[in-house]
Structures are given as structure tokens and as C-alpha cells.
Amino acid sequence: MNHDSYPDTYIRGILNTVKPIAMVGASEKQNRPSYFAFKYLLQRGYNMIPVNPGHAGQSMLGRPFYERLADVPEPIDMVDIFRASRYALAIVEEALALHPRPQVIWMQLGVRNDEAAALAEANGMKVVMNRCPKIEYGRLSSEIGWMGVNTRTISSKKALATGGIQRLSLNRTSAPGGATEAAAAAERTQLKAQGASS
């Protein structure tokens with residue numbers, strides 16, 4: 001995998017399939033980027049799990065903090081690393097000890113550790129580095145397009161709402177990547193619904 005550039009289909013595939021996400025380095029301080037990302041993803045239906053040894057025993061947005069990944073009492077689909085790059089390898093090693101193993105290691109903006117990525121990929125995990133799932137979700141669902149940001153996501157069709165204002169579907173077409181299977185399935189569902197209503 002080229003970690004300098006990810007196809008939209010790769011990012012979209014991850015965001016469409018993961019549900020429980022353990023955020024290592026989450027902070028309950030409302031002015032921290034991890035808080036914003038955690039809250040945003042929680043509001044979009046992801047099962048967010050905060051992991052931070054400094055906050056164990058406390059909670060964040062109603063979710064209990066865990067000291068380490070091994071303490072999380074449920075399977076984790078994705079580990080979102082909100083720690084400095086030098087800690088990523090140890091976090092990947094901790095994730096590899098879990099049963100079942102997470103499917104994805106995601107390193108936040110500014111976090112890149114090629115050794116950690118190689119170890120995760122050698123053990124069958126997908127890896128994303130130096131990206132934010134909050135930003136990627138907003139870009140691929142066209143939510144950040146409402147603020148004038150060029151998302152490279154184009155469509156003449158209204159996005160499928162998934163639960164209220166600014167909770168759009170990821171099943172959109174991207175300019176460089178073309179339609180995805182998820183987008184095609186969403187279009188088939190929409191056409192069936194239109195056929196049933198006419």
C-alpha cells in the first residue's frame with residue numbers, strides 16, 4: 001500500500017465496514033482535536049471507545065475510558081491512534097495481541113510510523129497514516145462541502161440522509177475513484193424505493 005496517497009475506495013471501504021473504534025489517546029478536554037473527532041464519529045453511529053491510561057475510571061460522552069486496548073471488553077474493528085508517531089509501534093503490537101484482532105490501524109494527522117504500518121500489514125490489517133477519519137468521513141459524505149471545501153465528491157443526486165442533518169451517507173461517487181459497490185448498492189435501493197412509491 002502506498003501510504004502517501006490512498007484511493008477514496010480504500011478509505012470509504014474502511015469507514016463503511018468498521019463499527020467499534022478504540023481511540024488511543026482520546027481526551028475528554030473539549031478543546032482537544034481527539035475530543036472533536038471522537039464526538040463527530042460517535043454522532044455518526046460508530047461505537048467509540050476511549051483508551052487513555054491517564055483517564056481510566058473516567059468517562060467521555062458517556063463512554064468509559066479504558067487504560068489499554070486489552071482492557072476493552074468487546075472486539076475492536078479499528079484502532080485510531082491519537083498519540084505521537086514514536087508510540088505507534090507499541091500500540092500496533094498491543095493490537096496484535098487482541099483476539100479477535102482489529103481489522104484496521106488508523107494513525108491520525110501528523111502520525112506516521114512505517115515500521116508499525118509494515119507490522120500491521122504483515123499481520124493482515126489495513127493501515128491508514130497521517131489522516132483523520134473525521135475529516136475523511138466529512139469529505140467522502142460531502143458534509144464539509146457545505147462549508148466550501150472541495151471534496152472531490154460529485155453527484156447530481158441528493159445524498160441519502162442516515163439520521164438527521166449533516167449525517168450523510170458515505171455512498172457517494174468520488175471524482176478520481178469512480179463509483180464504489182456501496183454507491184451502486186445505495187443507488188439500487190433508492191431506485192427500488194422510488195419504484196415502490198410511484
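Colleague: What should I know about the model and its numbering before we start?

Modeller: This is a predicted model, where local features need pLDDT of at least 70, side-chain atom pairs count only at pLDDT 80 or more, and totals for chains, interfaces and linings use all residues. Residues are numbered from 1 along each chain as its sequence is written, and side-chain values use heavy atoms, with hydrogens and water left out.

Colleague: How many helices and strands does the protein chain have?

Modeller: The protein chain has 6 helices and 7 strands. Both are DSSP runs, numbered from the N terminus: helices are H or I, at least four residues, and strands are E, at least two. The pattern along the sequence is α-β-α-β-β-β-β-α-β-α-β-α-α.

Colleague: Why is Asn-113 called buried?

Modeller: Buried means under 20% relative accessible area, exposed over 50%, and partly exposed in between (1.4 Å probe, protein chains only). Asn-113 has 13% relative accessibility, so Asn-113 counts as buried. Asn-113 lies in the loop between strand S6 (104-107) and helix H4 (114-122).

Colleague: What does the side chain of Asn-113 reach?

Modeller: It reaches the backbone nitrogen of Glu-115 at 3.1 Å. A polar atom of the Asn-113 side chain also lies 3.0 Å from the backbone oxygen of Ser-85. A polar contact is a pair of N or O atoms within 3.5 Å; within protein, one must be able to donate a hydrogen and the other to accept it, and residues adjacent in sequence count only if both atoms are side-chain atoms.

Colleague: Is Asn-52 buried or exposed?

Modeller: Asn-52 has a relative accessible area of 16%, so Asn-52 is buried. Asn-52 is in the loop between strand S2 (47-51) and strand S3 (59-60). The Asn-52 side chain reaches the backbone oxygen of Ala-26 at 2.9 Å. The Asn-52 side chain also reaches the backbone nitrogen of Gly-54 at 2.9 Å.

Colleague: Which residues is Asn-52 in contact with, leaving aside neighbours within four places in sequence?

Modeller: Gly-25, Ala-26, Phe-65, Tyr-66 and Glu-67. Contact means heavy atoms within 4.5 Å.

Colleague: What makes Tyr-35 and Phe-36 an edge-to-face pair?

Modeller: Rings of Phe, Tyr and Trp (its six-membered ring) pair if their centres lie within 6.5 Å; planes under 30 degrees apart count as stacked, over 60 as edge-to-face and the rest as tilted. The count comes to 4 aromatic pairs. For Tyr-35 and Phe-36 the centres are 6.4 Å apart and the planes at 75 degrees, so the pair is edge-to-face. Tyr-35 is buried at 9%. Phe-36 is partly exposed at 46%.

Colleague: Why are Tyr-40 and Tyr-137 called edge-to-face?

Modeller: Their ring centres are 5.9 Å apart and their planes at 80 degrees, so the pair is edge-to-face. The pair links distant parts of the chain: Tyr-40 is in helix H2 (residues 33-43), Tyr-137 in helix H5 (residues 133-140), 97 residues apart. Ring pairs link Tyr-40, Tyr-46 and Tyr-137 into a cluster.

Colleague: How do you know that Arg-83 sits over the ring of Tyr-87?

Modeller: The rule needs NZ of Lys or CZ of Arg within 6 Å of the ring centre and within 35 degrees of the ring normal. The charged end of Arg-83 sits over the Tyr-87 ring, 3.9 Å from its centre. Lys-19 lies over the face of Tyr-46, at 5.4 Å from the ring centre.
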